[in-house]
Amino acid sequence: MEMEHIGKYKDAGDMFTRTSMSPETRQVMDSVLDSIYSDILTTVSGGRKKTVEEIRAAIDSGPILAPEALKRGLVDANIYEDQVYGELKNKVGVEGKRVSAKDYLKAMPAVTSGSRIAVVIGQGAIYRGEGQDLNEDGIYSDSFVRTVRQAANDTSIKAAIVRIDSPGGDAIASDDILREVKLLSQKKPTVISMSDVAASGGYYMAMTGDPIIAYPNTLTGSIGVIYGKANVKGLYDKLGITKDILKRGANADIDSDYTPLTDASRKKLRDSMEHIYTGFVTRVASARRQKYEQIDELAQGRVWLGSQAKDNKLVDELGGLDRAIEVVKAKAKIPAGEQVRLVPFPGRKSFFEALMKGSASSLVEAKIARISGQYPLSSVFPAGVMAQLKMLVHGGILRTMPYTIEVR
């Protein structure tokens, strides 16, 4: 693997080039882990009316069995499911009926009046071009730009919430998306709502200058740039396969999987990456109303939790979608007590649209499978690694998270 990165913490390629964690990765991961652990201790101790020291001791002695959990006050009873419903019946005084979440949602009254607020949803890694699959996993720039434009041009929409759950991806694609979200912001009062992850390109697409609301444990920041390609000439040699490359232009084979990067092509590549990194920091500084040097110090590819990002002025508030609705209502001068109707973008596709769509993601997966000799890849690689591999196969300079974090 040939990997280059701008930012000392932007170490997405380490999974391919190192056999151990870098000091920078360890520093950030320890910071993230300490913050999440502290949040767990505070939340559980408050909820169970215990001291932080008691909860810390319980965690250190875990995993613990149900009787021990009861003894420590982590649970209130050790009973079976049918006994729970018996307790509920005694408290409510009537026989209850269990319903699924799906049936419960069907029974909820539909909101048919009030101001309409668009919720533009961007979920998954960011790729260039047009998405083809109904169930595609990712944000495809052409498709997403069209969705944002629909919300902007809908005269019945009074305001918009852009909901982001993305580790980033293609640098050019994220720039196209930011441009369109800025145009949306010029037409409609807009607020950015971050979900589990809004980092790198996912953070970049939030740089409209509008209020940003994140959860305390949202993974965000990661302001940096990487590039990577596989040089599989050695594999080709083992298989008895050769390639003859004809080119015009000294660096025409810069993305070739058969040749290594030369010193000249590597310099050319890093010049491009430096340009993209400078543009990233500049856009963040402008949107967050900070100096370039202040953002550069917080950038370098470092991942921050939402609570840390707020302290560093990378986001404005901590909260979820409910808080985003309150903020955007105030921006749109919608009375606080008025009920609003949330309109998701993109909306549901028709059966005919679903039938006629092909699967771009499956083609990419098949391409990776041919290289790795494994299929289906989802049975071999974790979802986060799959997203990284898919982005590398698409090619180009990337704004993406340096690693995936899974909290169990």
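Which residues make a nonpolar surface patch of about 320 Å²? Ile 79, Val 84, Tyr 85 and Leu 88 do. Patch residues have over 30% relative accessible area and no salt bridge, and nonpolar side chains are joined within 5 Å. Areas come from the Shrake-Rupley method with a 1.4 Å probe.

Before going on, some ground rules. This is a predicted model, where local features need pLDDT of at least 70, side-chain atom pairs count only at pLDDT 80 or more, and totals for chains, interfaces and linings use all residues. Residues are numbered from 1 along each chain, and side-chain values use heavy atoms, without hydrogens and water.

Back to Tyr 85. It sits in helix 5, residues 81–92. Helices are DSSP runs of H or I with at least four residues, strands are runs of E with at least two, and numbering starts at the N terminus. Tyr 85 counts as partly exposed because its relative accessibility is 35%; buried is under 20%, exposed over 50%, and partly exposed lies in between.

Next, Lys 329, in helix 14, residues 321–331. Lys 329 is buried, yet has no salt bridge. That bridge would need a side-chain nitrogen of Lys or Arg within 4 Å of a carboxyl oxygen of Asp or Glu. The nearest side chain of opposite charge, Glu 338, is 7.1 Å away. Contact means heavy atoms within 4.5 Å. Residues that Lys 329 touches include Ile 117, Pro 335 and Val 340.

Now strand 2, residues 116–123. It pairs in the parallel sense with strand 5, over 8 bridges, and with strand 13, over 5 bridges. Pairing takes at least two DSSP bridges. Val 119 stands opposite Ile 161 in strand 5. In strand 13, Val 119 has Pro 344 as its bridge partner.

Key:
Buried means under 20% relative accessible area, exposed over 50%, partly exposed in between (1.4 Å probe, protein chains only). Lys and Arg count as positive and Asp and Glu as negative; His and the chain ends are not counted. Patches are made of residues with over 30% relative accessible area and no salt bridge: like charges are joined within 9 Å, nonpolar side chains (Val, Leu, Ile, Met, Phe, Trp, Tyr) within 5 Å. Lists of a residue's contacts leave out its neighbours within four places in sequence.
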